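Visitor: I have a structure open and a few things to check. Can we go through it piece by piece?
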Amino acid sequence: MNRTFLLQQVLNGLAIGSVYAIFALGYTLIFSVLRIINFTHGAIFTIGAYTTYALTGSQFGINGLLAGAALPFGLPFVLALLGGSLVAALSGVIVERVAFRPLRARGADPLLTLVSSLGVAVALVNITQYLFGAEPYSYPDPLQGLPSAINFGTAAAPVLVRTVQVVIFAVSMVMLVLLTYLMNATRTGKALRAVAEDMTTSSLLGIDTDRLVLLTFVISGFLGGVTGTLIGLSVGVAGPYFGIAFGLKGLAVIVLGGLGDIPGAVVGGLVIGLAEAFVPAQYIAYREAVPFALLFVVLLVRPQGLLGRAQVQKV
Amino acid sequence: MATFFATYDFLLVSMVLAAVLALTLYLPLMAGQLSVASPGFYALGGYIAAIMSTKIFPPGPGLYPVSLVLLEMVVAAVVSGVLGLAVGLPALRLRGIFLALATIAFVQILGVVALNLNVTGGAIGIFGIPQPFSSALQYMWLAVPLLVVSMLFVARLERTRTGRALVALREDELAAAAMGIDPTYHKVLAFTTSAVLAGAVGAVSAHFINTWNSRQGTFDTSVNLMAFVLVGGSRTFVGPVVGGLVLTALPEALRGIAGVAGLPEWLAAFLRDGRLIIFGVLIAIGTVFFPQGLITPGLLRRLVRRRVRPG
Amino acid sequence: MSGAPGPAADPLPAADLLTVERVTCQFGGVTAVNEVSFAVGRGELFGLIGPNGAGKTTLFNLITGLTAPSGGHLRYRGEDITGLPPHRVAKRGIARTFQNVRLFGELSALDNVMIARHVRTHSGLVSGVLGLGPARREEHETRERATALLALVGLADRPEERARNFAYGDQRRLEIARALALEPELLLLDEPAAGMNAGEKRALSELIRSVRARLSLTILLIEHYVPLVMNLCDRIAVLNFGQLIALGPPALVQKHPAVVEAYLGDGA
């Protein structure tokens, strides 16, 4: 295979993979602390994307209840991104209080929580669609000053990656480092790991489990919102249902990397991104099936994922 | 009366078919398995019927013979059963969340494949599926027997050795195995039976809806089925049937209310298009407040006792 | 009686029904059972005692296939059953009760016992649903046998009551009825007297004796309540930290120095 082509595909894979990775970080963080799969992460992703769009002062289109609505002000992109992600984080916290806390208080099976999160996600995404319609939107370009693509190859054999994708990759690496540092090197991280181990004992030991669960959902929601905006920036916001599609694909990413494993989320994301990039041209139509085929195979062959440890069941 | 049926003919048949589909989620659930694979078999069944009736059997004048529809149902059921066995045998060694995820993956993969094969018509799908009846209401001749037979099957199942084995697995898989019940065999049995039923429903639905494409039998369908079972009742076969009937009728009823003059536009729009919002919220509320659903075995016992007691 | 042949018809000459051969079980860094060997003779009432965490329940789990041993062999009626899954072990005639009662809580007492008739009955899905003659007769027989077993353990008055509503002591008796529905040759009882008062313990003791005699059972019994063990058992094995430290008739085991030391202050 041509070296230039190979490099191009690898970089494409890493670019899309890093988006999956940031999404998966939030997804897997909740599993690592609470042992639940929070499918609303995809809906939070949508909320983040749409809120950022609104905060840039952009106008919503012709469908939906709030057709033609626009905020009377417009923030610069980075501030809008932060604002949108904070709203996403807040939404995550509300979902936790309303939908998950009652289940956790009853010691409900994680399967029941998954089902509940599916319901909430579908409701939230459809509310968004009800309000704003399902048209595609794109953000005003924040990277106007910079060149639109960076060349990793040579002038004669260019290997181009869009600047926005490089930025996204950098963001994902920064997020990974920050989150790993948080979990392993801070007191809060240690407390989070204690809660993950055994919530009842942790709270008996004086750890404020409520506050830590809150923190987990804030971080996770923030990351979800960031991803929504970044993906919107990279390929445009393709309707609220994009969040459901991401939520589904995200399942493949976190299982592949290992449920609850933070570096695993990034590994899983990058692997799936690369797998998608390397689908041969004649099968490009089946690319969307690749993450799910991988998910199915991983579940059968190695359910703990690439980085997870095999679980021993105590009888 | 006649106008009622004429107006709601499509809805009534949809309600009955939805009730049968709800039972396909109920079957694996009897063994404690949450499998959302039935939309995949439903889609497969529909494609089989669509392909057979548009590409294999020659078109003729007049109505499409019902006997051929029945044949398609049998073929769809058998093929779904075989695929169900093939997928179920490896997948049902998984427990809980892992199984649910595997079945989600299965439906997604089937969807992508259906979207891309020529024989399934790609993104456009197959349309102009021949009609065995001259009106929508006459589909009840297929739908109602299908519902009755499946209800009888599941009701009987609950009173037999196999049914008891499934319920034991749901209660405590470990103890059930220690009492001699083969978990994998029974889980695969429930899964495959569910696939067979879903395939048959798909075959009828393809004719009923007249077109079939990759938008039938998707993740959204899984969400619908979960709503039917969670709200209707997950511990007795009556629950999913009632859930399927009522929740399919609900959006229509709401649409009717939306037509009432004087409602603010936002409410009317919500009542018209908010089906998935309502289902999603019902699922969320259901898991917290009535995880066994509305129709519980306890409720049924009380209703039956009231009828049996004289006076 | 359908299913496995009863002891009278079995040509197995040796007296040993169950042989545990150097069985070891390790999880993570813990060795729960360490090279334990003993044999249980046909018709014996064999006790298994030891301090908490000694590996007794793990040994039961190994015998019944819930856990696979990391080393050693298990033989039942001469056949190597090491590594067989639980449902196959049950089918061969080994039944058990659990330390923390594992009844099917939401189901009725009768259903609990009927479910355990599974391996001694044959009706499949189709014949059952269609209600064909043989299936219906079998269903009737299952119900009758289950009712009889409930009567045997003294719970005949509430067959339709949900299992979780029974008092703890009654739940333990229900679990025994359920285990007996398998028509086992070997019955493993895991602390059947736990949570019972003195009167109930006496009744249980009687029940175990009578059941053993009437059904020609071999019984392996884990129990903390030492008087029960001393009175009932023909032989006792003592485990401590996963190892077999003594084996013999109750009178001898009681005085064994290693046993006394293991139970120091434990009211032996």
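Visitor: Which helix does B:Glu72 lie in?
Guide: This is a predicted model. In it, B:Glu72 is part of helix α3 of chain B, residues 66–91.

Visitor: Is B:Glu72 buried or exposed?
Guide: Buried, because B:Glu72 has 28 C-beta neighbours inside 10 Å and the cut-off for buried is 20 or more.

Visitor: What does B:Glu72 touch, leaving out residues up to four places away in sequence?
Guide: B:Ile48, B:Ala49, B:Met52, B:Ser53 and B:Ala203.

Visitor: Switching to the interface. How many residues of chain B are in contact with chain A?
Guide: 37 residues of chain B, against 35 of chain A.

Visitor: Which elements of chain B give two or more residues to that side?
Guide: α4 (96–116), α9 (219–232), α11 (265–273) and α12 (275–289) of chain B. α4(B) gives the most, with 14 residues.

Visitor: And what is the make-up of that side by class?
Guide: The side of chain B that touches chain A has 30 nonpolar residues, six polar and one charged.

Visitor: Now α8 of chain A, residues 209–235. What span should it have?
Guide: At 1.5 Å a residue, its 27 residues should span 39 Å, and the end C-alpha atoms are 38 Å apart, which agrees.

Visitor: How many residues of α8(A) are buried?
Guide: 20 of the 27, so α8(A) is largely enclosed by the rest of the structure.

Visitor: What follows α8(A)?
Guide: A:Gly236, with a positive phi near 90°.

Terms used: Residues numbered from 1 in each chain as written. Chains lettered and ligands numbered in written order. Predicted model: local features only at pLDDT ≥ 70, side-chain atom pairs only at ≥ 80, totals over all residues. Contact = placed C-beta atoms within 7 Å. Helix = DSSP H or I, 4+ residues; strand = E, 2+ residues; numbered from the N terminus. Nonpolar A, V, L, I, M, F, W, Y, C, P; charged D, E, K, R; others polar. Expected span 1.5 Å × (residues − 1). Buried ≥ 20, exposed ≤ 12 C-beta atoms within 10 Å, placed from the backbone.
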